[in-house]
Amino acid sequence: MRLPLLSLTAIAALFVAADASAQTYDPNYPVCMHVYSGATGSGGGGGGGWFECTFTSLEQCRASASGRAASCDLNPYFAFNEPPPERRRHKKVY
């Protein structure tokens, strides 16, 4: 009884486990284009897409997205106007 239960648990764990996905947004660029992909297979529905974070302006992204199923958005992981970290100066002790 123990072996079938362990086998079923192992099989269920394999089906439930999700693949680890790579980071979606590149924090080095301020604008990302979300490219939408259509339904795949004969099941219909679904779809998905990916993000291309290689643009320095919305205009540049929109030019690349023209004629495609895509939209351009600001990158939520880009540090807009973030001041550089303060440098601490140490006083010399004599």
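A polar atom in the side chain of Asn 75 sits 2.8 Å from the backbone oxygen of Tyr 29 and another such distance, 2.9 Å, separates a polar side-chain atom of Asn 75 from the backbone nitrogen of Tyr 77. The model is predicted, so local features need pLDDT of at least 70 and side-chain atom pairs count only at pLDDT 80 or more, while totals for chains, interfaces and linings use all residues. Residues are numbered from 1 along each chain as its sequence is written, and side-chain values rest on heavy atoms, with hydrogens and water left out. With a relative accessibility of 2%, Asn 75 counts as buried, because buried means under 20% relative accessible area (exposed is over 50%, partly exposed lies in between, using a 1.4 Å probe and protein chains only). Apart from neighbours within four places in sequence, Asn 75 is in contact with several residues, among them Tyr 25, Asp 26, Pro 27, Cys 53 and Phe 80; contact here means heavy atoms within 4.5 Å.

Now let us step back to the whole protein. There are 2 helices and 3 strands, and from the N terminus on they run α-β-β-α-β. These elements are DSSP runs, numbered from the N terminus: helices are H or I with at least four residues, strands E with at least two. Of the 94 residues in the protein, 13% are buried. Among contacts between residues at least 6 apart in sequence, 59% join residues at least 24 apart.

The strands form an open sheet of 3 strands in the order β2-β1-β3, with antiparallel pairing. β2 (48-55) and β3 stand at the edges with a single partner strand each, so one side of each has no neighbour in the sheet. On average, neighbouring strands of this sheet are turned by 25° against each other, direction ignored. Helix α2 packs on the sheet, where it touches β1, β2 and β3, and its direction makes about 170° with that of β3. Such angles run from 0 to 180 degrees between N-to-C directions, with axes fitted as lines to C-alpha atoms, for helices over the stretch in contact. β1 and β3 pair in the antiparallel sense over 5 bridges; two strands pair if DSSP finds at least two bridges between them. Within this region, Val 31 stands opposite Leu 74 in β3.

Val 31 also leads us to the core. The largest nonpolar core has 7 residues in all: Val 31, Met 33, Val 35, Phe 55, Cys 61, Ala 65 and Cys 72. β1 (31-37) and α2 (58-65) are the elements that give two or more residues to this core, and β1 gives the most, with 3 residues. A nonpolar core is a set of buried Ala, Val, Leu, Ile, Met, Phe, Trp, Tyr and Cys residues joined through side-chain atoms within 4.5 Å. Leaving aside neighbours within four places in sequence, Phe 55 is in contact with residues including Val 31, Met 33 and Cys 61.

Two more residues round out the tour. The C-alpha atoms of Glu 59 and Cys 72 are separated by 9.1 Å, and the two residues are 13 residues apart along the chain. His 34, by contrast, lies in strand β1 and counts as buried at 18% relative accessibility. The side chain of His 34 makes a polar contact with the side chain of Tyr 36 (3.4 Å). A polar contact is a pair of N or O atoms within 3.5 Å; within protein, one must be able to donate a hydrogen and the other to accept it, and residues adjacent in sequence count only if both atoms are side-chain atoms.
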